[in-house]
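User: I have a model open and would like to go through it with you. Can we start with the overall picture and then go into details?

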Amino acid sequence: MLEVLGLAKSFGLQTIFENFDLNLPHGRFTVLVGPSGCGKSTLFDCLTGIVCPDQGRIVWQGNAIAHLGSLAAYMQQKDMLLPWLTLEENSLLPVQARPRTLRDMKQAKQTLARIFERIGLTGFGAHYPYQVSGGMRQRCALARTLMFDRDLVLLDEPLSALDAITRRELQNLLLMLQKEFGKTVLMITHDIEEALVLADEIILVGPTPMTILERFQPKASKPREFTQPEFMETKARILSRLLTEKEKIQG
Ligand SMILES: Nc1ncnc2c1ncn2[C@@H]1O[C@H](COP(=O)(O)OP(=O)(O)OP(=O)(O)O)[C@@H](O)[C@H]1O
């Protein structure tokens, strides 16, 4: 579905990645795990056209494109909510931005009401971002991402500001998106247990310049519990690999 070939990006003298390849098959849930500052968000920015890559090819369903642009829904680390719009208005922005009829808008509002219910925002649609907590803003940003209704969803640490229970609920929501709506998901997380619960494939990336260190394909069927013995072993391997890379850098 999406193929990235030889992607390169530098900021001044700092090479963030070069010759970076990635392949996302349709309907798969891929999770990128790697140390802070190694270039994961920059990769997403290059894919979506926020940042221009220096080199490389992005191929979408067999066609070379400059960037994904509106082909993908992208949730960035910052919630990017517009402060002068309510949570409902923020979430409906993707629908406002495309040609629509009154019926489309009615349907969109119904869909949003279901998503709000699922993520615990029912009753907060008329609130402004400054009136709710950071976790609620993040949930609203996730709702807005879902309202884009794209086959490919890029999520940059979407659940990082949430409490454990809400986090688990939203993990289930993400799994539902993949299973029921056939979405292809590429997600960044620092939480290895979260990666193990969600991923069809975990891509472990190493420090700048970012390279792929190892790939893991958890076999257990979903929904999963990260306490499964297979996961404990994989978690230990991922942690040990990250530690080795850190020690290499520190000399
Ligand atoms: N616009 C920019 N100009 C200059 N340097 C940048 C820019 N954006 C990112 N960088 C640098 O690129 C490197 C990679 O940053 P990036 O945000 O992609 O890392 P990350 O892996 O997503 O980190 P984290 O996991 O902490 O979010 C960092 O050293 C960062 O300072």
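**Overall picture**

Analyst: In the protein chain, 33% of the 251 residues are buried. Keep in mind that this is a predicted model.

User: What is the radius of gyration, and what would a compact globule have?

Analyst: The protein chain has 18 Å, and a compact globule with 251 residues would have a value near 18 Å, so the two agree. Along the principal axes, the C-alpha trace spans about 55 × 40 × 35 Å.

User: How many helices and strands are there?

Analyst: The protein chain has eight helices and 10 strands.

User: And the contacts, what share comes from residues 24 or more positions apart?

Analyst: Such pairs account for 69% of the contacts with a separation of 6 or more in the protein chain.

User: OK, on to the sheet. In what order do the four strands run?

Analyst: The order is S2-S1-S4-S5, in an open sheet with antiparallel pairing. At the edges are strand S2 (14-24) and strand S5 (63-65), each of which pairs on one side only. On average, neighbouring strands of this sheet are turned by 30 degrees against each other, with direction ignored.

User: Let's look at S1 and S2. How many bridges do they pair over?

Analyst: Seven bridges, in the antiparallel sense, with strand S1 covering residues 2-11.

User: Which residues in S2 stand opposite Leu2 and Glu3?

Analyst: Leu2 has Leu24 of S2 opposite, and Glu3 has Asn23 of S2 opposite.

User: What about the turn, how many residues lie between S1 and S2?

Analyst: There are two residues between them, and the two strands form a hairpin. Gly12 is in that turn and has a positive phi of about 60 degrees.

User: Changing topic: which residues surround the ligand?

Analyst: The ligand is surrounded by Phe11, Ile16, Ser36, Gly37, Cys38, Gly39, Lys40, Ser41 and Thr42.

User: Which helix gives the most to that shell around the ligand?

Analyst: That is helix H1 (residues 40-48), which contributes three residues.

User: And how does the shell divide into nonpolar, polar and charged?

Analyst: Three residues of the shell are nonpolar, five are polar and one is charged.

Definitions and conventions:
Residues numbered from 1 in each chain as written. Predicted model: local features only at pLDDT ≥ 70, side-chain atom pairs only at ≥ 80, totals over all residues. Pairing = 2+ DSSP bridges. Axes fitted to C-alpha atoms, helices over the stretch in contact; angles between N-to-C directions. Rg over C-alpha atoms; globule rule 2.2 N^0.38 Å. Buried ≥ 20, exposed ≤ 12 C-beta atoms within 10 Å, placed from the backbone. Contact = placed C-beta atoms within 7 Å. Near = placed C-beta within 6 Å. Nonpolar A, V, L, I, M, F, W, Y, C, P; charged D, E, K, R; others polar.
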